[in-house]
Amino acid sequence: MASISNNINLRSRFWSNRVYYLMLVPAIILIFIFCYIPMYGIIIAFQDYRIGNGILGSQWVGLKHFRILFGSATFYQIFRNTVLISLYKFIAINTIPLLLALMMNEVYHRKFKRVIQTVSYLPYFLSWVVVGGIVIEVLSPERGLVNSLIQLFGGKSIYFITQPEWFRAVLVASDAWKNAGWSSILYLATLSSIDPQLYDAAKIDGANRLQQVKHITLPALYSVVIILMILSLGQIMNAGYEQVLNLYSPLVYNVGDIFDTYIYRIGITGNNQQVPDYSLSTAVGLFKNVIGFFLVLSTNMISKKISDYGVW
Amino acid sequence: MSDMTKKSMGRYLKKMSLFDILNYGMLILFSVSIVLPFWGLFVKSISRPEDISVSFMLFPKKVTFDSYRMALMSRDIYIGYFNTIFRVLFTTILTLLVSVLTAYPLSRRNLPFRNGITLFILFTMFFTGGLIPSYMLIRWLSLIDNRWSLILPGLVYAFNIVIMRNYFMFSIERSLEESAEIDGANQFTILFRIIVPLSMPVIATIGLWTIVGNWNEWFYAMIYINSKQKEVLQLVLRKILLSYDATRVASYKNIAGVDENQFSPESLKFAFTYITILPVLCIYPFIQKYFAKGIMIGSLKG
């Protein structure tokens with residue numbers, strides 16, 4: 001009896017909310033098609049997929065592609081590259097914007113501050129196609145700004161983007177150049193919420209500028225810094241393929257090739273003049289996504305535990 | 001310099017300590033490091049081929065707009081602008097519409113299955129099928145080389161929906177909706193007559209994110225679009241700038257009637273770059289505050 005009345009109850013609640021469900025229909029259909037059907041497509045990672053045969057007609061090979069993958073030196077190389085590039089960027093993007101925000105917070109000419117901020121945001125609004133073009137030109141061995149400076153001080157010019165020992169530095173520096181200004185916004189907003197009375201009280205107690213920064217400004221930033229650091233650790237499998245694709249060349253594959261660029265090359269263009277291998281590419285993608293999934297989940301959980309703030 | 005400004009300059013300088021001077025100096029240096037590359041590119045784009053020299057130039061020896069003329073006479077720029085504007089326009093309008101329609105029901109605390117539907121949407125933020133399965137889907141739907149392949153897949157973006165839902169839940173007074181409900185207004189009327197007008201800050205922010213994101217997107221345009229007629233602007237630029245498509249450049253030379261020794265690939269590349277980024281350069285100083293607002297809204301608890 002109870003279950004019948006629950007059933008009726010649910011049905012009437014459903015009916016009374018029918019307009020709300022109607023509103024949800026477009027999103028549910030779009031998400032089902034464009035997000036969940038590709039998830040079904042992941043099964044080709046366990047097949048020898050042939051375009052002519054389709055998913056249902058292709059041969060099931062189990063973990064074959066994963067065995068090939070884990071047995072190849074390339075896999076460890078792209079894994080290493082991805083993690084290293086992400087970690088270097090992690091260090092840069094968690095220190096430079098913080099420093100910038102602290103410096104801008106000490107500026108008391110409002111116009112000056114606004115101009116510096118606006119200028120520093122500019123590269124963030126441009127695509128990696130444009131920024132890649134700028135980076136290549138700035139680092140060009142003959143005409144580039146950086147090498148002109150090196151030559152001015154008597155050094156020899158370096159073709160940075162083709163040198164394996166320089167390529168990761170190029171990635172980290174250009175990432176910082178593009179994003180540091182913009183990333184300082186959240187810190188600046190936090191700083192502007194500090195009660196000015198705290199500074200007045202500190203001045204009365206005889207604290208100098210650096211002491212004020214140390215005892216008032218930095219503690220206020222502490223939780224934002226920690227949260228942003230934890231959440232960006234969750235993104236370590238994403239080393240920035242749009243940037244790498246616009247800057248790398250076969251000369252630096254050994255240090256610059258990351259998961260996403262490898263997936264793209266073997267799956268779409270075909271690596272080293274081979275035909276595209278859908279199954280292998282999907283297997284690499286699945287490996288990357290599973291690790292990324294657990295990283296995001298766990299970093300988000302940690303962030304929620306210590307600060308009550310998560311992505312969702 | 002007039003007496004007044006001298007006096008006030010003097011006052012400022014007296015007030016500035018060593019700390020301030022170092023601080024201001026470093027910030028100026030940082031800004032110069034951002035601006036100088038853009039300036040250098042611009043100088044090259046208006047220089048004659050014989051002047052694009054062996055080292056960095058701060059000023060052009062002689063100004064010429066030949067490269068801009070060449071770029072503007074090619075059809076690719078207009079094709080690129082058309083396709084980009086088409087994409088940005090439809091994506092933005094449809095994204096906002098779908099996001100509003102989705103976020104509103106999910107902001108109702110007592111909607112049955114609300115958590116399940118939210119999870120269904122949120123999960124896509126953390127796990128995806130990946131590049132090849134998505135590509136196969138687009139091919140299976142016969143959307144390869146179709147402009148809609150760049151619009152439809154990204155329309156429902158979980159992050160936008162979460163932010164909008166939070167705004168509906170925490171920043172809008174329930175009493176307004178309740179009085180409308182008592183007046184017998186249906187949910188669509190409430191949403192579009194009451195909620196949407198009150199949510200303009202979050203709608204503007206998400207709209208601008210979508211515009212800039214789609215203006216700059218090139219990766220999916222590169223893999224889903226084959227024909228020249230449907231290339232977006234970033235892709236046109238990428239073919240000139242990074243992969244230097246020689247047959248394309250040769251055709252520009254023909255159209256503009258430029259011969260080999262009057263022509264510099266660098267100058268042409270950077271003229272293309274400036275024509276591409278001009279709209280962004282003009283509007284970003286005015287939209288940045290809405291962008292920033294979104295970050296703050298986004299850091300609301302979910």
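Me: What share of the 302 residues in chain B is buried?
Reply: A residue is buried if 20 or more other C-beta atoms, placed from the backbone, lie within 10 Å of its own. In chain B, buried residues make up 36% of the 302. This is a predicted model: local features need pLDDT of at least 70, side-chain atom pairs count only at pLDDT 80 or more, and totals for chains, interfaces and linings use all residues. Residues are numbered from 1 along each chain as its sequence is written, while chains are lettered from A and ligands numbered from 1 in the order written.

Me: What radius of gyration does chain B have?
Reply: The radius is taken over C-alpha atoms, and the globule rule is 2.2 Å times the number of residues to the power 0.38. For a compact globule of 302 residues, expect near 19 Å; chain B has 26 Å. Its C-alpha atoms fill a box of roughly 75 × 65 × 35 Å along the principal axes.

Me: How many helices and strands does chain B have?
Reply: Helices (H or I, at least four residues) and strands (E, at least two) are DSSP runs, numbered from the N terminus. Chain B has 14 helices and zero strands.

Me: How do I read the interface, and how many residues of chain A are in contact with chain B?
Reply: Interface size is often given as the accessible area lost when the parts come together. Here, count contacts: two residues touch if their C-beta atoms, placed from the backbone, lie within 7 Å. 69 residues of chain A are in contact with 71 of chain B. Helix α2 (residues 18–41) of chain A gives the largest share of chain A's side, 14 residues.

How values were computed
Buried ≥ 20, exposed ≤ 12 C-beta atoms within 10 Å, placed from the backbone.
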